[in-house]
Amino acid sequence: MSTVQRKAFLKKDGFTQHKSNARGNTIIYSRKHSTEKFVRIVVDSGIDKNTNKICGQAKAKLVYINRENHWRVITKEVSSNTISSLVQSQSNSISSVPQCKHCNAKKFTAKSGNVVCANACWTTWGNKKKTQKKKSQKTVEKKSQKTTQKSSQKKSARTYKKKSQKNQSIYLLDVQPGDLVTVEEISPKGGMNDFTGFILGIVVEVNKDNLDTVNVQWSTNKSALPHYSFPTTRLWDPTGPSACATTQHRLKVMSRKVEWVIK
Ligand SMILES: [Zn+2]
């Protein structure tokens, strides 16, 4: 297949071109899986973005987009000169991807080599499932001890364990339909900016999905915060991967007193 043929197929099949490729010079495309929610087919076109010439076979893999919006590769990347059959075979390979029996997310092979839930849902199980929590704590403990040994011999495993436990907590704000809400902005260093008086919305619906998404009718925005940054969930992960690098936005209920509780 020529460059034109590859591009034509991808376009016709509903693929969109990625803005960048972190790993190379080829143009990357992806589209939603036709039947699986949160799964995308990612195609490395093998077309050099600078010369627009074919520089290698096309490659395809499936990724699962977890609840923190991270892409987890769930199938082995396969290459071929025929993109159409490649897309078809990757698409079908979803049936052999293991699934988490707790939250139904797909599993992927973590850096540790373990096949784990893409949502890392064990971190949110809380006290109801003590056995599993113990198990996950053990893993964390093991991991942290390893890191501890590597990074600083002085840090005791116990301190580290405490920190890890804290890191695993996801918080829930018991938002209900009818609540008047605004936005709180948390900076990576922990500073908080309260948008009371600038942003106002009313909660229309709370979904009982695994992301606890919330539909808010935003009526006022006198702040500089763009709408796409507004929170869409009643969950808050204070120390999740995204919290370390970026500013987070969470809901705040104004019409009654509601506290954040560990989910
Ligand atoms: Zn899970």
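Let me begin at A120, which lies in the loop between β8 (115-117) and α3 (130-151). Please keep in mind from the start that what we have on the screen is a predicted model. Although A120 is not a glycine, its phi is positive, at about 50 degrees. Is this residue buried or exposed? A120 counts as buried, because it has 22 C-beta neighbours inside 10 Å, and the cut-off for that word is 20 or more.

Now compare that with N104, which sits in the loop between α2 (83-92) and β7 (107-109). N104 is again a residue other than glycine with a positive phi, in this case near 70 degrees. Its surroundings hold 13 C-beta neighbours inside 10 Å, and so N104 counts as partly exposed.

Q176 counts as partly exposed because 13 C-beta neighbours lie inside 10 Å. If we set aside residues up to four places away in sequence, which residues does Q176 touch? The contacts of Q176 are V203 and V206. I would also point to V214, which is 38 residues away from Q176 along the chain, while the C-alpha atoms of the two are separated by 8.9 Å.

Let me step back to the whole protein. There are five helices and 16 strands, and of the 263 residues, 24% are buried.

As a general point, nonpolar side chains tend to be buried together in soluble globular proteins. In this model the largest nonpolar core has 27 residues, and the members that touch the most others are V43, A60, Y64 and C117. Which elements give two or more residues to this core? They are β2 (26-32), β3 (39-48), β4 (58-65), α2 and β8. To see one member in its setting, take A60, which, leaving aside neighbours within four places in sequence, is in contact with I41, V42, V43, E77, V78, L86, V87 and Q90. There is also a second, separate core of 13 residues, and it includes L173, V183, I199 and V203. You will remember V203 as one of the residues that Q176 touches.

Strands of a sheet pair through backbone hydrogen bonds, either parallel or antiparallel. Here three strands form an open sheet in the order β14-β9-β16, and the pairing is antiparallel. The edge strands, each pairing on one side only, are β14 (235-236) and β16 (260-262). Between β9 and β14 the antiparallel pairing runs over two bridges, and L172 has L235 in β14 as its bridge partner.

Finally, how much confidence does the predictor have in this picture? The mean pLDDT of the protein is 83, and 81% of the residues reach 70 or more. Two stretches call for caution, however. Over residues 129-134 the pLDDT is below 50, and beyond near neighbours in sequence this stretch has three contacts in the model. The pLDDT is also below 50 over residues 146-166, where the model shows twelve contacts beyond near neighbours in sequence.

How values were computed
Residues numbered from 1 in each chain as written. Predicted model: local features only at pLDDT ≥ 70, side-chain atom pairs only at ≥ 80, totals over all residues. Helix = DSSP H or I, 4+ residues; strand = E, 2+ residues; numbered from the N terminus. Buried ≥ 20, exposed ≤ 12 C-beta atoms within 10 Å, placed from the backbone. Contact = placed C-beta atoms within 7 Å. Core = buried A, V, L, I, M, F, W, Y, C linked by C-beta atoms within 7 Å. pLDDT = per-residue confidence, 0-100. Pairing = 2+ DSSP bridges.
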